[in-house]
Amino acid sequence: MVVHMQNKDMGSSHTWLILIGLVLFQCKFIFFVSAILDPVDFLALQSIRKSLDDLPGSNFFASWDFTSDPCNFAGVYCEGDKVIALNLGDPRAGAPGLSGRLDPAIGKLSALAELSIVPGRIMGRLPVTISNLNELRFLAISRNYISGEIPESFGELGNLKTLDLSYNQLTGSIPKSVGSLPELTNFIVCHNKLFGNVPPFTSQSLTRVDVKHNDLSGSLGPTSFPSSIQYLSLSWNRFSGPVDRLLNRLDRLNYLDLSLNQFNGNIPSCLFTFPISNLQLQRNQFSGPVQLENEVTITTVDLSYNRLWGEISPLFSSVENLYLNNNRFSGRVPASLVDRLLAANIQVLYLQHNFLTGIEINPMAEIPLSSSLCLQYNCMVPPVQTPCPLKAGTQKTRPTTQCNEYKG
């Protein structure tokens, strides 16, 4: 009887062990299945890896062992069995980047929403297959050696919010289709070799456009950019024509740099009322008087190297860094500017190379060490001797003949 009961207990225990084993096996099987990456994504990552290498000093690809789960690779982020983000390269500042080329297989990561590559030495063209990534919202491949044109088919990336291709060697024009991307928020292609006209941008959520240091040209129409723009940098190009009709609409700007172009016409007075902290309009062909309606509260205003004329407005007195040099301003320097300079409220006041005829300042006045004043090459003898930038030259006063001719 005792033996029978012992055999029964042993049989029951054996049954429980089998059941527990089956449950554990099923759990392991479920986990194994859930950890398997989509075969298409797996092969795409293999192709991407084969086309890229670590630069000396980088070990980014050390974790890319394809006998393990690719979702645990550095820079690879998955959701379910799909890759949703790919951040290639060590993101730490100053870390060596990658070399090689971008494999077209990148376009097979069908769920990819984010693609970024750290600065390095990646060369070649942008794969057209990137246009197949319908879920892509963030594309940043900057500070490499990408060449060729921006594919026209990038206009098919209907969910794209950020496009950053800055500091590469891209050529050609900006495709019209890119300007029509409906969700675009940030468009950054500065420091390339792009040329031609800028297409109209239609996205009403666009806030940042940076195309400086290219060879872009043409004029800007009143609807070239939406009124949502907050940051606009067009400097170091060959843009021309007036901008008043465009700028009148961009009342959300907090940064504007149009410098080193060929823009002309008047500077709209409303521009000085926008919530801008830095206004860069230097080295253009703007002309006419600068008409202000209210006190300017912009920290830095640079209108130098233009064709502006008339008297300097005292409403500039609250600007901390004011560059009005190399224009055609005449008359006397407002006393309010001098007062704020001597109180160290103005850090830079550059008025050289104009046709100014006077300034009320005590020759014995001490200019604060934190402030800079330059008056030379005007139609007056500077009452105070102050250090000027080397570009101002050595002549203290403009020749009388020039001053008389300007008056005439």
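Which handedness does the link of Cys379 and Cys403 have? With -100 degrees about the S-S bond, this link is left-handed. Keep in mind that you're looking at a predicted model. Below we'll go through the disulfides, then a sheet, and finally a leucine in a loop.

**Disulfides: the overview**

- A quick reminder: a disulfide is a covalent bond between the sulfur atoms of two cysteines.
- Searching the whole structure turns up 3 disulfides.
- Count the bonded cysteines along the chain, and the pattern you get is 1-2, 3-5, 4-6.

**Cys71 and Cys78**

- Cys71 is joined to Cys78 by a disulfide, with an S to S distance of 2.1 Å.
- This disulfide is left-handed, because the torsion about the S-S bond of Cys71 and Cys78 is about -95 degrees.
- Buried means under 20% relative accessible area, so Cys71, at 19%, is buried.

**Cys374 and Cys388**

- Another disulfide links Cys374 to Cys388, with the sulfurs 2.0 Å apart.
- Here the angle about the S-S bond is 110 degrees, and the link is right-handed.
- Cys374 sits in strand S27 (residues 372-374), while Cys388 is in the loop between S27 and helix H6 (400-407), so the pair ties together parts that are 14 residues apart in sequence.
- Cys374 has 0% relative accessibility, so it counts as buried.
- Cys388, on the other hand, is partly exposed, with a relative accessible area of 24%.

**Cys379 and Cys403**

- Back to the pair from the opening: the sulfur atoms of Cys379 and Cys403 are 2.0 Å apart and form a disulfide.
- Cys379 is in the loop between S27 and H6, and Cys403 is in helix H6, so this pair ties together parts that are 24 residues apart in sequence.
- Are these two cysteines buried or exposed? Both Cys379 and Cys403 are buried.

**Two other cysteines to look up**

- Cys190 is at 3% relative accessibility, so it counts as buried.
- Cys270 is at 22% relative accessibility, which means it counts as partly exposed.

**An open sheet**

- Strands of a sheet pair through backbone hydrogen bonds, either parallel or antiparallel.
- In this model, 5 strands make up an open sheet with mixed pairing, and their order is S1-S4-S6-S8-S10.
- Which strands stand at the edges? They're S1 (52-54) and S10 (169-170), and each has a single partner strand, so one side of each is left without a neighbour in the sheet.
- Helix H2 (residues 39-51) packs on the sheet and touches S1 and S4. The direction of H2 makes about 60 degrees with that of S1.
- Strand S4 (residues 98-101) and strand S6 (residues 121-125) run parallel and are joined by 3 bridges.
- To spot this pairing, find Ser99, which stands opposite Arg121 in S6.

**Leu281, a loop residue**

- Where is Leu281? You'll find it in the loop between strand S19 (278-280) and strand S20 (285-288).
- Leu281 has a relative accessible area of 1%, so this residue is buried.
- What is Leu281 in contact with, leaving aside its neighbours within four places in sequence? Its contacts include Leu256, Leu258, Ile267, Leu271 and Phe286, and also Asp302 and Asn306.
- Leu281 and Ser313 are 32 residues apart in sequence, and their C-alpha atoms are 17 Å apart in space.

Methods: Residues are numbered from 1 along each chain as its sequence is written. This is a predicted model: local features need pLDDT of at least 70, side-chain atom pairs count only at pLDDT 80 or more; totals for chains, interfaces and linings use all residues. Side-chain values use heavy atoms; hydrogens and water are left out. Two strands pair if DSSP finds at least two bridges between them. Helices (H or I, at least four residues) and strands (E, at least two) are DSSP runs, numbered from the N terminus. Contact means heavy atoms within 4.5 Å. Axes are lines fitted to C-alpha atoms, for helices over the stretch in contact, and angles run from 0 to 180 degrees between N-to-C directions. Buried means under 20% relative accessible area, exposed over 50%, partly exposed in between (1.4 Å probe, protein chains only). A disulfide is a pair of cysteine sulfur atoms within 2.5 Å.
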